[in-house]
Amino acid sequence: MRLRFVSSLLIFLSAYSPLSIIFLIQDFDFAKKEVMHPEIVWPILGLSVLSCVLLWMAVRYLKGSSPPITVKSVSNRSGELINYSIPYMISFFVMDLGNLKLLLSFGFFMFIMYWLTMKTHNIFINPVLAVMGYNIYDVHYERNGNECEDFFLVKGARLRKNERCRIVEISEQLYVVTERNPEV
């Protein structure tokens, strides 16, 4: 497996991890104080937690060794988190986890969502990353004398024009800023 596929899948799964909590709440029988379909809910919840932990570890330990790039212009794209709201809205309709047809339909829908986000390069819009303090920016920059434009995940303060930083590619057109204003 290529790193891009793994990192893209990890970002996608973690983006929808809050959905697993919604499923847990919907499947919980408050009278009996138990989950009605534990064989479905617990693996989904476990996969969600695992994807978030792996994502946190991956972005925390990324190191950029490439030559620094120079930022030419920046625009914030963090407001596009609304794109991930559609699957969450579906969960508020009756989601019977005991109904195989509904589960297969939802699984197919999520596969289509993953495929579309990969093809449209929207894989990086992730509310879990936002909670971790990352923002997404559309950045025009110079690398090795060439003008480029890609998306950067940046933790903390906004990038500024003429700022130098090191980046690591984690998916097509998506980079994580690993170091700001590095000593060359």
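Modeller: The answers below concern the strands and then a surface patch. Please note that this is a predicted model.

Colleague: Which strands make up the closed barrel?

Modeller: The barrel has 5 strands, in the order β3-β4-β5-β7-β6, and the pairing is mixed. From one strand to the next, the twist averages 50°.

Colleague: Do β3 and β4 run parallel or antiparallel?

Modeller: Strands β3 (residues 69–76) and β4 (residues 134–143) are antiparallel, joined by 6 bridges. Within this pair, Ser-73 has His-140 of β4 as its bridge partner.

Colleague: And how many bridges are there between β4 and β5?

Modeller: There are 10 bridges, and the pairing is antiparallel. Asp-138 faces Phe-151 of β5 across this pair. The β4 and β5 hairpin leaves 2 residues between the strands, and Asn-144 there adopts a positive phi near 55°.

Colleague: What stands opposite Phe-151 in β7?

Modeller: That is Leu-174. Strands β5 (residues 146–155) and β7 (residues 174–180) run parallel and are joined by 3 bridges.

Colleague: Changing topic, which residues form the nonpolar patch on the surface?

Modeller: The patch consists of Leu-47, Val-49, Leu-50, Val-53, Leu-54, Trp-56, Met-57 and Tyr-61. Together they have about 750 Å² of accessible area.

Colleague: Where does Val-53 lie, and why is it classed as partly exposed?

Modeller: Val-53 belongs to helix α3, residues 38–61. Val-53 is classed as partly exposed because its relative accessible area is 39%, and that class lies between under 20% for buried and over 50% for exposed.

Methods. Residues are numbered from 1 along each chain as its sequence is written. This is a predicted model: local features need pLDDT of at least 70, side-chain atom pairs count only at pLDDT 80 or more; totals for chains, interfaces and linings use all residues. Side-chain values use heavy atoms; hydrogens and water are left out. Patches are made of residues with over 30% relative accessible area and no salt bridge: like charges are joined within 9 Å, nonpolar side chains (Val, Leu, Ile, Met, Phe, Trp, Tyr) within 5 Å. Accessible areas come from the Shrake-Rupley method with a 1.4 Å probe; for residues, only the protein chains shown count as cover. A salt bridge is a side-chain nitrogen of Lys or Arg within 4 Å of a carboxyl oxygen of Asp or Glu. Helices (H or I, at least four residues) and strands (E, at least two) are DSSP runs, numbered from the N terminus. Buried means under 20% relative accessible area, exposed over 50%, partly exposed in between (1.4 Å probe, protein chains only). Two strands pair if DSSP finds at least two bridges between them. Axes are lines fitted to C-alpha atoms, for helices over the stretch in contact, and angles run from 0 to 180 degrees between N-to-C directions.
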